[in-house]
Amino acid sequence: MIDLRSDTVTVPTDGMRKAMARAEVGDDVYGEDPTVNRLQEMAAALLSKRFALFVPSGTMANQLAIRSHTQPGQEVIVESKSHIVRYEQGAAGALAGVQLHWVPGERGIMSAEQVEAAIRPTDPHSISTALICLENTHNAGGGTIYPLATIEKIRALAAKHNIPMHLDGARLMNAVAATTLPPASYAQHFETVSLCLSKGLGAPVGSLLISSDRQIIDRARRFRRMYGGAMRQAGILAAAGIYALEHHVARLTDDHSHAKKLARLLQQIPSVQIAPQHVETNIVIFDVTDQRRTPAEIVAALKEQGVLINPIGGLSYRAVTHLNVSAKQIDEAGAVFMRVLTP
Ligand SMILES: *Cc1c(COP(=O)(O)O)cnc(C)c1O
């Protein structure tokens, strides 16, 4: 089976499993797990920040950031199709008691003008803007890379209004691999950054919340405990994260070239609408016009031929390349798409 549903489907390699088995561990709630501590130091250094906190999921990392930066009754600016809006079960409202202010971006990218218009006035009638969240790369936008110039403009606005910024960097390393910019060139503009080890980096579990602000990290550590995310001998998992950062970052560009190849193959199919120039990293979003079949039927027909993808609403579908998909499998998947989607 060629599984293109998500880069979360990756399984640990033999090398990663060996590193996990060998990991030195301790009780991380006491701060005594040397492998967790090492991962946290590595991740902080990677982004040129001071601290990092290992957490079970990217959702938790984002939610700890939102909770730690805000008070109930405040507002957080987010892009309408962001992970925080769509895929976190309303946690910002349910757990942090904040209201999300949706801004519709272009393939997930909000302009500085849009963000400026969304910042609330400070008069006593108005709800107050407590945080601005960006997502890089943008998942539902199609793996879009946030242009650094746009981030810089938004940062300048945020600084003028004294509003902190959080980056949902679940796939930040994909942006780094694609642009070859140093990770810190993005991270420097944010008080907090979340980073997923369990996407294209190929670890089975784990994310990090990274910041130079000790108070924010201390608050996040308490909320991590409240949210049930404080783990004990988590070094077994952190070892996978260390292995991922050491071995699986540079190879992300393979996933990107596979995605571009897949986009070119899809473009040759008459029933497919796709803009290959919009495939910037490892996510391929495309439309299929088919009068005879529903999206569920199309996905089932592809599955029968050995290719898994996700329908994402309307006529749209998402295919994601990753560690466990080879160049040869991309060609095979292209042939299956051609067979199944040709009317
Ligand atoms: C996957 C993802 C997350 C976190 O997902 P978890 O499944 O909770 O680890 C956060 N943001 C984005 C953009 C993602 O794609």
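This is a predicted model: local features need pLDDT of at least 70, side-chain atom pairs count only at pLDDT 80 or more; totals for chains, interfaces and linings use all residues.

Me: Which strand is joined to β3 by 5 bridges?

Reply: For pairing, look at the partner, the direction and the bridges. The partner here is β4, residues 99-103, and the two strands run parallel. Within this pair, Val78 is placed opposite Trp102 of β4. β3 also pairs with β5, residues 129-135, in the parallel sense, over 3 bridges. There, Val76 has Leu131 of β5 as its bridge partner.

Me: Now a single residue. Why does His101 count as buried?

Reply: A residue is judged by its relative accessible area. Buried means under 20%, and His101 has 16%, so His101 is buried. This residue lies in strand β4. Leaving out residues up to four places away in sequence, His101 touches Glu75, Val76, Ile77 and Val78, as well as Ala118 and Arg120. With Arg120 there is also a polar contact between the two side chains, at 3.3 Å.

Me: Where is Asn139, if I want a case from a loop?

Reply: Asn139 sits in the loop between β5 and α7, the latter being residues 148-160. With a relative accessible area of 9%, Asn139 is buried. Setting aside neighbours within four places in sequence, its contacts are His83, Arg171, Ile283, Ile285 and Arg318.

Me: Which residues surround the ligand?

Reply: For a ligand, list the shell and then check particular atoms. The shell consists of Ser57, Gly58, Thr59, Asn62, His83, Glu135, Asn139, Asp168, Ala170, Arg171, Cys196 and Lys199. By class, the shell has 2 nonpolar, 6 polar and 4 charged residues. Helix α3, residues 58-69, gives the largest share, with 3 residues.

Me: Which residue has a side-chain N or O atom 2.6 Å from a nitrogen atom of the ligand?

Reply: That residue is Asp168. Distances of this sort should be read with the atom type on both ends. A polar backbone atom of Gly58 is 2.8 Å from an oxygen atom of the ligand. For Arg171, a polar side-chain atom lies 2.8 Å from a ligand oxygen atom. Taken alone, the ligand exposes 380 Å², and the protein buries 84% of that.

Me: Last, a sheet. What is the order of the strands in the open sheet of 4 strands?

Reply: The order is β9-β10-β13-β12, and the pairing is antiparallel. The edges are β9 (272-273) and β12 (310-311), each of which pairs on one side only. β10 (residues 283-288) and β13 (residues 316-320) are joined by 5 bridges. Ile283, listed above among the contacts of Asn139, has Val320 of β13 as its bridge partner.

Conventions:
Residues are numbered from 1 along each chain as its sequence is written. Side-chain values use heavy atoms; hydrogens and water are left out. Two strands pair if DSSP finds at least two bridges between them. Buried means under 20% relative accessible area, exposed over 50%, partly exposed in between (1.4 Å probe, protein chains only). Contact means heavy atoms within 4.5 Å. A residue is near a molecule or strand if one of its heavy atoms lies within 4 Å of it. A polar contact is a pair of N or O atoms within 3.5 Å; within protein, one must be able to donate a hydrogen and the other to accept it, and residues adjacent in sequence count only if both atoms are side-chain atoms. Accessible areas come from the Shrake-Rupley method with a 1.4 Å probe; for residues, only the protein chains shown count as cover. Ala, Val, Leu, Ile, Met, Phe, Trp, Tyr, Cys and Pro count as nonpolar, Asp, Glu, Lys and Arg as charged, and the others, Gly among them, as polar.
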